[in-house]
Amino acid sequence: MRSSVTSAAWRLTVFLAVCALALFALLAVFAQLRFDGERIYRAEFTNVTGLEAGNFVRIAGVEVGKVKNIELRDDTTTVVEFAVENSVVLTQGTQAQIRWENLIGGRFLALQEGPGSPRRLNPGDAIPLARTSPALDLDALIGGFRPLFRALDPDQVNALTAELVSAFQDQGATIGSLLQQTATLTNTLADHDELIGQVIDNLNVVIGSLSDQRQQFGKAVDSLSQLVHGLAERRTDVSNSVAYTNAASAGVAELMQQTRPALHDLITQTDRTSSLINADHDYVDNLLATLPDTYRILSRLGLYGDYFSFYLCDIVVKVNGKGGQPVYIKVAGQDTGRCEPKK
């Protein structure tokens, strides 16, 4: 009797140790715990909208630490305290930027080297406002298009939207160049808004003179005069729309530049996952087909308490044989008690 009790106690101890180890591994994975040494630094920002404690710190896309704390100062500036691995070296030329991690609002703190002294920063030192930049403000980006949309009728808005969609589809490699050229053009127009207004006024006068002297151009000149007069009255809206479009184009270019690596990684990982599932589709199909029965068995096991009892019936290891054919090796098994086959 004593021998059986001792054996059961040993088995229980081993079982509890394995469960504790598995629980610790799950916590380490899902909580993204780091066991390496780390150093604490700070960075000053004018705006940290969307950044939260626990967000990643990255250098060239590689995760090297996490944001620890965010503190608001009396002068409305914000201090971000972050930790990086001991192997990471920050200098007086290091720049900090808040970037979009994905399209649903996630942020991360990006570090990169810029011009400046190569002298190392000591733990606890701060990156000043001159070498930090906040995340792209999407509200300002969308708001920049409002005056332009107000000046267009619904049909023109639909046409513009269709052209934007057409430009973005299957043209990812040329979007950055297109937006940069648009920004340059609209910036040039915005710098000459007063000259454009004077030209419109002068055209209005010239068209009026021609209308008085050349009656055969009556209808054409009158229609053109009304058009130019309308543009002259709304030249302020036109110049504002050009300026807002310039800011919006630059914002879209920056947004696409920041989100392109995340989109590329998402597509790559999706393709890899689908390839793995397709390579072993028989196993996946069998798993999906047997899940309902398995869940019903598990629900019956837990009817009488918040615990489950499991019995080891079989252990089968699947390995790849010659020619890619699977080979099943039975490691352990029993067919008595609860494991007895149903007749």
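Tutor: A contact means heavy atoms within 4.5 Å. This is a predicted model, where local features need pLDDT of at least 70, side-chain atom pairs count only at pLDDT 80 or more, and totals for chains, interfaces and linings use all residues. Residues are numbered from 1 along each chain as its sequence is written, and side-chain values use heavy atoms, with hydrogens and water left out.

Student: What share of the contacts between residues at least 6 apart in sequence join residues at least 24 apart?
Tutor: In the protein chain, 59% of them do.

Student: How many helices and strands does the protein chain have, and what makes a run count as one?
Tutor: Nine helices and ten strands. Both are DSSP runs, numbered from the N terminus: helices are H or I with at least four residues, strands are E with at least two.

Student: Why is Ser241 called buried?
Tutor: Buried means under 20% relative accessible area, exposed means over 50%, and partly exposed lies in between, with a 1.4 Å probe and protein chains only. Ser241 has 6% relative accessibility, so it counts as buried. Of the 343 residues in the protein chain, 22% count as buried.

Student: Where does Ser241 lie, and what lies 2.7 Å from a polar atom of its side chain?
Tutor: Ser241 sits in helix 8, residues 235–279. The backbone oxygen of Asp237 lies 2.7 Å from that side-chain polar atom.

Student: How do you know that strand 2 pairs with strand 6?
Tutor: Two strands pair if DSSP finds at least two bridges between them. Strand 2 (residues 56–59) and strand 6 (residues 107–113) have three bridges, in the parallel sense. Across them, Val57 stands opposite Leu109, and Arg58 stands opposite Ala110.

Student: Which way does strand 3 run against strand 2?
Tutor: Antiparallel, with four bridges joining strand 2 to strand 3 (residues 62–72). Phe56 stands opposite Lys66 there. The hairpin of these strands has two residues between them, and Ala60 takes a positive phi near 55°.

Student: What is the strand order in the open sheet of eight strands?
Tutor: The order is 7-1-4-3-2-6-5-8, with mixed pairing.

Student: Why is one side of strand 7 and of strand 8 left without a neighbour in the sheet?
Tutor: Strand 7 (126–127) and strand 8 (132–133) stand at the edges, each with a single partner strand, so one side of each has no neighbour in the sheet.

Technical notes:
A polar contact is a pair of N or O atoms within 3.5 Å; within protein, one must be able to donate a hydrogen and the other to accept it, and residues adjacent in sequence count only if both atoms are side-chain atoms.
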